[in-house]
Each structure stands twice: as C-alpha cells, then as structure tokens.
Amino acid sequence: MDIKDIQNLIKFVSKAEVSEVKYKTKDFEITIKTPLAGSEMNYMGSPAVYHTAPQQAPVAPPVAAAIAAPSAPLEDDSKFITIKSPMIGTFYRKPSPDKDLFVNVGDEVTEGKVVCVIEAMKLFNQIESEVSGKIVKVLVDDATPVEYDQPLFLVDPS
C-alpha cells in the first residue's frame, strides 16, 4: 500500500462517518480512528491536526499579507516552485532528534532527494523533492502539524 492509497483510505473513512477502520494484509496493517459527531474527541491524532492548524491559518496570512504588500516580495515568490505536503501528519526536518537537518535554506536539492519526514499514524514517511533547485524558504516549523497539500518549502529552480 503506497501513500496515495493511504490518503484515499483516510478520505474515505472521514466521509463514511465511521469511528474506526482496520485494514490488514500479511505485510501491512493500518488502523484509522476518527471522531464521530457527539463522541469524545480526546485522543491523539485528530485534535492536533484538525484544531491546531485552522487556528494558525487565519492568523498567518493577514500578517504575511500586511508585511508583503509594502515590500512586494509576492512577485518574487511566483518564480519559485512549492514543495507541498502529500499527507496530513507531523512535519519533521530531521530523520531523528540526534541527526542533522535534511535540507537548509540555500541547499541544492535534486529530484528524489529526501527533504523532510511526515509522521502519520506512527509511520514516518520520507518526502522527496519533485523538483531540482535551491531551497529558498522553509515554510513550516519543525515538529508541527501539517495538512494535505500545505506548502512546506519554496525552491528556486534556476
């Protein structure tokens, strides 16, 4: 089961309004738990992802827009390519706490190079760059929740 299959399974479970789904093969097992309407939402996965990120999103864009408008760096950002999160989970810039960062601002990346790890349901998924270029900006803090399709890095392809 690849990452796309897991994402599709998560979407299906959330739309089906069931509280728990277990999928098991001889090599793979996954359990997806979701809160149902009126049920207790006090377990690890959902509150961190669904409640933390929406609180940050409304605050960040107005501040960025207010800062960006006078100096006009939005024009510069248009030439950059964005590496986005392929899943919901927790973003990590290091493979483990005692290791070095995968990439820093100014580092050259090639297509297929691991740029970060996203933990989802106790699985650590290596996220590879789909473009070659130079990292110009890291858009997410280490060890913070990320949403599906959330921008993680800006890459200058030139």
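**View 1. The buried residues of helix α1 in the predicted model.** In this predicted model, Ile6, Gln7, Leu9 and Val13 are the residues of α1 that are buried. They lie on the same side of α1, because the arc they cover around the axis is only 160°. Residues three or four places apart in an α-helix point the same way, since there are 3.6 residues a turn. Among the elements that cover these buried residues of α1 are β1 (20-24) and β2 (29-33).

**View 2. The other side of helix α1.** Two residues are exposed on this other side of α1, Phe12 and Lys15.

View 3. Helix α1 takes in residues 3-16, 14 residues in total. At 1.5 Å a residue the helix should span 20 Å, and its end C-alpha atoms are 20 Å apart, so the two values agree.

**View 4. The largest cavity.** The count of cavities of 30 Å³ or more comes to 1. The largest cavity holds about 30 Å³ of space. Its lining consists of Ile3, Ile6, Met87, Ala120, Met121, Leu123 and Asn125. At least two lining residues come from α1, and at least two from β7 (123-128). Sorted by class, the lining of the largest cavity has 6 nonpolar residues and 1 polar residue, with no charged residues.

Technical notes:
Residues are numbered from 1 along each chain as its sequence is written. This is a predicted model: local features need pLDDT of at least 70, side-chain atom pairs count only at pLDDT 80 or more; totals for chains, interfaces and linings use all residues. Side-chain values use heavy atoms; hydrogens and water are left out. Helices (H or I, at least four residues) and strands (E, at least two) are DSSP runs, numbered from the N terminus. The expected span of a helix is 1.5 Å times one less than its number of residues. Buried means under 20% relative accessible area, exposed over 50%, partly exposed in between (1.4 Å probe, protein chains only). The arc is that of the directions from the helix axis to the C-beta atoms. Contact means heavy atoms within 4.5 Å. On a 1 Å grid over the protein atoms alone, a cavity is a set of points where a 1.4 Å probe fits but cannot get out, and a pocket is an open set with protein on both sides within 12 Å along at least five of seven lines; lining residues have an atom within 4 Å of a point. Grid points are joined across faces, edges and corners, and a volume is the space filled by probe spheres set on the points. Ala, Val, Leu, Ile, Met, Phe, Trp, Tyr, Cys and Pro count as nonpolar, Asp, Glu, Lys and Arg as charged, and the others, Gly among them, as polar.
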